[in-house]
Amino acid sequence: MSTVAYIDNPPPEYVERTKYHARLIPQHIRSYFSGMLPIISWLPHYNVKWLSGDFLCGITIGAVIIPQAMAYAKLAGLPPQYGLYASFVGVAIYPFLGSSKDISMGTSAIQSIFISQVFLGVQGTPQYQSGVWNDHLFAVNMALFSGIIAFGLSVFRLGILSNFLSQPAISGFMAGSAVTIVISQFAHIFGVEHIKTTEAPYLVFWKTLINLNHSTIDAVVGILSLVWLFGVKYSCLHYAKKYPRHAGKIIYFNTSRNIIVLVVTTFMAWAIKHFGHHEESPLQILGPVPSGFQLLGVPKVDVSLVGTILPSLPSMVTLLVLEHYAIASSLGKTSDYKVDINQELLAIGIANMFGSFFGAYPATGCFSRSAVTNKSGARTPMTSMFVCVIVILALYALTPAFQFIPSSSLAAVIAHAVVDLIVGPKTWLRYWRAHPSELLVFGSSYIIALFARIDISVFVPVGLSIVIQLYRTARPAYSILGRVDTHPPHLNGKKQERSDYDELANCRFFSFTHPTVGHCVRPIAPGIIAFQPRDNLVFENAAFLTEKLLDEVKRTTRRGTPLAEKAGDRPWNDCTSFEKARDKPLLRAIILDLTAVNQMDYTGLENLMAVTMQVERYSGKPLSWYIVPNDSLSVRKCLLLGGFGNQERKIGGPFRSDLNRKKQDSRDTDQTSIENDKKGVIAIEDVEKYHGTASNGTGPYSNIISCGKVDYDTVANFDDVYPYFFLTLRDAALAAYVSHAVKDDDDAPESSPEIASLNVCRIYAID
């Protein structure tokens, strides 16, 4: 026996929903706090194989982080030991709190150049020049308050704000920042003195270029360092492909190129000074680096200094999060693990707060080192612990040698580390092909970084992205749908004849503006309009969408009641000629395809109810709306609140609400024929009334079954419990066709055998 069942998706009551979520509060609290230490989930499973991979990767990253830490500290305008302090705290804290195995936390070029721009303003104040403020006070206050803000964002789970950073904005910012960093290092690489590298990049580039004739011997070291770094990089990539058996060794040598160039140039600088008997080195060198943690202690908070740097703190945190999450999410996608942005915010916050006790400046995940970590075979976040040991050894054992590191070779290391972030014309072209607005966001970020402070190159494109998205929401796409009939294969060489109803049942639905088949699309039936919004129906766009629907009604149909013959008796805003409109059909029904609408608010509902009254006044009679919703509770609740489920009319007003009413069978006329002609049809009110009897399998309604116990082998089809809601556009089109496909000069019948037959054939599931 075939089963007919209603499908319903009733919106839950707010009281029940509140009780349900209240019962889950203890579970959420446990999950909230247990998730703060991801290490407890993977450390118990740690094994020897992971240990070997992490150890080798740790040595590799240790050889990279030492020169980068000191170089980036110099880029920030701070002594080199501050970079080592920041790197130590970052790699020591991150394994306990981080959700990525590849992130190498510490100093980075982008955050360092922004700090240098902020520090430049501090250095111009009387307090700094008089000695009240100093490098240490500035560094620890920046780290402390940046950490507090990041920690607060994590506690309140505001990592969702990172979703407002579009990919073009991130890519443009990274590329523009990389160009800025490379330009800022030209003067050091080529040994051009007295260049203020904190100025706008275009000024730095121009001043460096016109002063190249004043280059010193440092240019030799800087250029040779660049030749070595790029030569080793591209040679290793070539030979790794040519000799895949030895790819591991070649890659390891490739990642060691930074430490090799610094060791060689440092030894050369020491030899020149020692054997040349120079009181001062002819090369610009790093200078004395104190060993150990000389600045360990409780950070001193200077209220006046905090007031000075306070406007820059939101930008500082934005840059920390942007670079960190950009590389973490990218590596997570390539290595198939999930990165929790709120957990990463927690790691950034606690690392920087603890870093202020060690004399560090703000730290975050470094793009270049994290990429090397991923390629070097890191298995778990434990890699950072081995890096931490190497940083401690460097701080206590190698600082005497650090003072002879040439500034030009450090500058070469910085420039070489970020050059991979610079993108070429192919990337610009790819964004253009996606959409011109994507190129606008990308280009604005890229170019602004070259002419203004680096944080502005983040906020402007983010603002542009939001404005563009708001415009897209306020002016969404929509379609007027029609039918394209399909033709069955010929039988015995003869074309099979089908009725128009059968043609509609087997057709495909396309927009009239479809670029390929739009010219083949024809109306579903005279006077039946199918409208499909392609975005949420909310306050930003509700008026726009309903206006477009009303415009389509007036464009393709004529008034039900003709206008007065005299022009003076007509409405001032309607000059339509009756003769021109005579050939148009009367409006019979509207099909509203809401499958792409996942949110609807009260403004959207109000506009939908208003356009309902407008089209009824235009057509001169009540109209039926055939609606195809999706599973969204928000949309369904608004539609039921507006009465679109049963469409029972008030006198002179809109539909009666389908909410807060006792459920009644809206098919009283059809139920008799269902009971007489069809067996096994499930009526929703019968299920509610006789649910206990049905579940026991006794009584006259023993064939009625609940949704959870449906034998799907006996179900012929499914449909919605409300007569004007449909599961597919085809169902809605067939119902509208059977109910309203009449001659243009006839009135639509209130009921007909075809309508009753259609309702009998509709299948419903039970809530």
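Cysteine 236 is buried at 8% relative accessibility, where buried means under 20% relative accessible area, exposed over 50% and partly exposed in between, for a 1.4 Å probe and protein chains only. Cysteine 57 is likewise buried, with a relative accessible area of 0%. A disulfide is a covalent bond between the sulfur atoms of two cysteines. The structure holds zero disulfides, a disulfide being counted as a pair of cysteine sulfur atoms within 2.5 Å.

The model is predicted, so that local features need pLDDT of at least 70 and side-chain atom pairs count only at pLDDT 80 or more, whereas totals for chains, interfaces and linings use all residues. Residues are numbered from 1 along each chain as its sequence is written, and side-chain values use heavy atoms, with hydrogens and water left out.

The protein has 767 residues, of which 49% are buried. Its secondary structure comprises 33 helices and nine strands; these are DSSP runs numbered from the N terminus, with helices (H or I) of at least four residues and strands (E) of at least two. Among contacts with a separation of 6 or more, 80% join residues 24 or more positions apart, a contact being defined by heavy atoms within 4.5 Å.

Aspartate 218 is located in helix α11 (residues 218-242) and is buried, with a relative accessible area of 3%. The C-alpha atoms of aspartate 218 and glycine 191 are separated by 4.8 Å, although the two residues are 27 residues apart along the chain. When neighbours within four places in sequence are left aside, aspartate 218 is in contact with Ile189, Gly191, Pro282, Leu283, Gln284 and Ser408.

Backbone angles were also examined. Most residues other than glycine have a negative phi. Arginine 157, however, has a positive phi of about 55 degrees. Arginine 157 lies in the loop between α8 (135-155) and α9 (167-189) and is partly exposed, with a relative accessible area of 32%. Aspartate 336 also has a positive phi, near 60 degrees. This aspartate 336 belongs to the loop between α15 and α16 (341-357) and is exposed, at 73% relative accessibility.

Helix α15 (residues 313-335) gives the most to the lining of the largest pocket, with eight residues. By class, this lining has 21 nonpolar, 14 polar and six charged residues; Ala, Val, Leu, Ile, Met, Phe, Trp, Tyr, Cys and Pro count as nonpolar, Asp, Glu, Lys and Arg as charged, and the others, Gly among them, as polar. Lining residues have an atom within 4 Å of a point of the pocket, which is an open set of points on a 1 Å grid over the protein atoms alone, with protein on both sides within 12 Å along at least five of seven lines, whereas a cavity is a set of points where a 1.4 Å probe fits but cannot get out.
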